[in-house]
Amino acid sequence: AGRWDYIFSAIKKFKVDRDFCLADRAQITMNVPFMRAYGLLLLKTCHKRKAPAIGGMSALIPIKNDPEKNAKAMEGIRADKRRDASDGYDGGWVAHPGLVQPAMDEFVAVLGDKPNQIVKTRDDVHVSGADLLNFQPEQPITEAGLRNNINVGIHYLGAWLSGSGAVPIHNLMEDAATAEISRSQVWQWIHSPKGVLTDGRKVSAELVRGLIPEELAKVKSTGAEGQFDKAAQIFERMATGEAFVEFLTLPLYEELG
């Protein structure tokens, strides 16, 4: 279950639909209506075909030197895998080797010593097209959420240009799929009439351009390695341009020559 790729695909598919607009990225969890429908239908479809259903990857990672935040992250992992195992999934992904055991514990608690639970056909699940298109929540869209998308986009693009395809940012493991959500949300909020911050400001190209230098400075202040100045320029072009770039890696490959 490539949950992050699926969210990006939804944004990309409906990017110019005036009725489509998703809330801050952090609000789009596996429990929101369209993602819950997707997860259950995927599970049912796999088991109908006698194929193992593998749950998606939580982006949470262990957090060093902060026991409270680390405990919260570990509980987030356990809750994510507990839901998948209880639903009927046969296994799942994690973003860090240190998360294998807590994830495994949740599946063992449900499966015991069974290798899978393909016999759980979930005939009780009935997902309609309307369920899959129930794109909620639409709010809140916050300045903090907009800034986070810009920050993650610049950080990830800069790290990618320096050779890293998976990057820990703000205690989450970011890859191309999660970064795609960040940059595509910014583009979509600019173009959607529903792309309005909770304080009433419309997300615009001008607003985004004004925030980019501030978020670039924050990325640089972390001491992380990456081509961040170039990344900020690329992010600005992708996020504020009239045309939607199909995949964020395309302009990056051009930079590599």
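## Salt bridges in brief

Arg 82 is partly exposed, with a relative accessible area of 35% (between the cut-offs for buried, under 20%, and exposed, over 50%, using a 1.4 Å probe and protein chains only). We're looking at a predicted model, where local features need pLDDT of at least 70 and side-chain atom pairs count only at pLDDT 80 or more, while totals for chains, interfaces and linings use all residues. Residues are numbered from 1 along each chain as its sequence is written, and side-chain values use heavy atoms, leaving out hydrogens and water. The structure has 24 salt bridges (each one a side-chain nitrogen of Lys or Arg within 4 Å of a carboxyl oxygen of Asp or Glu).

- Arg 82 pairs up with Glu 75 in a salt bridge, with 3.5 Å between the closest N and O atoms.
- Glu 75 is partly exposed too, at 35% relative accessibility.
- Asp 80 and Lys 81 make a salt bridge through their side chains, at 3.1 Å from N to O.
- Both Asp 80 and Lys 81 are buried.

**Helix to helix**

- Glu 215 and Arg 147 form a salt bridge whose closest N and O atoms sit 2.7 Å apart.
- That pair ties together distant parts of the chain, 68 residues apart: Arg 147 belongs to helix 6 (residues 143-161) and Glu 215 to helix 8 (residues 205-221). Helices here are DSSP runs of H or I with at least four residues, numbered from the N terminus.
- Glu 215 counts as buried at 2% relative accessibility, and Arg 147 counts as buried at 16%.

Key
Helices (H or I, at least four residues) and strands (E, at least two) are DSSP runs, numbered from the N terminus.
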